[in-house]
Amino acid sequence: MAVGIRLKRMGRRNRPFYRICVMDQHTRRDGRAIEELGFYDPVNPEKGKHFEINEERARYWISQGAQPTETVASFLKDRGITVRSRAEKRRAKKKAAQ
């Protein structure tokens, strides 16, 4: 089973709110999550309060092979968790093939 760390949209129209979830990659965007790691609130004006993530569980899932989306990878980078995103892996593979 391919597992990813991605955003699950919640909230109402014109007021988005996202949960950072671990999901099977074949699950639809707002489908059932394996585990919820945190949230992202893009409308919150307070700096530093617009997202929260359980760093310990995120590290665990990454060690198990979960691939974060580019957006989630940027959140993890802000918290000091280094991870190679799918796009970076794809670029490295393409560069190695040349």
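In this predicted model, the side chains of E35 and R57 meet in a salt bridge, with 2.9 Å from N to O. Because E35 belongs to strand β3 whereas R57 belongs to helix α1 (residues 55-63), this pair ties together parts that are 22 residues apart in sequence. R57 counts as partly exposed, since its relative accessibility is 27%.

**Strand pairing**
- Strand β2 (residues 15-24) pairs with strand β3 (residues 35-40) in the antiparallel sense, and five bridges connect the two.
- Within that pairing, R19 has F39 of β3 as its bridge partner.
- Strand β3 is also joined to strand β4 (residues 51-53), to which it runs antiparallel, by three bridges, and here the bridge partner of F39 is E52 of β4.

**Salt bridge between R15 and D41**
- A salt bridge brings together the side chains of R15 and D41, at 2.8 Å from N to O.
- Since R15 lies in strand β2 and D41 in the loop between β3 and β4, the pair ties together parts that are 26 residues apart in sequence.

**Other charged contacts**
- R29 and D30 form a salt bridge in which the closest N and O atoms are 2.9 Å apart, and D30 counts as partly exposed at 34% relative accessibility.
- A network of salt bridges links K8, R19 and E36, and R19 is also the residue whose bridge partner in β3 is F39.

Methods:
Residues numbered from 1 in each chain as written. Predicted model: local features only at pLDDT ≥ 70, side-chain atom pairs only at ≥ 80, totals over all residues. Heavy atoms only, no water. Pairing = 2+ DSSP bridges. Helix = DSSP H or I, 4+ residues; strand = E, 2+ residues; numbered from the N terminus. Salt bridge = Lys/Arg side-chain N within 4 Å of Asp/Glu carboxyl O. Buried < 20%, exposed > 50% of the residue type's maximum accessible area, 1.4 Å probe, protein only.
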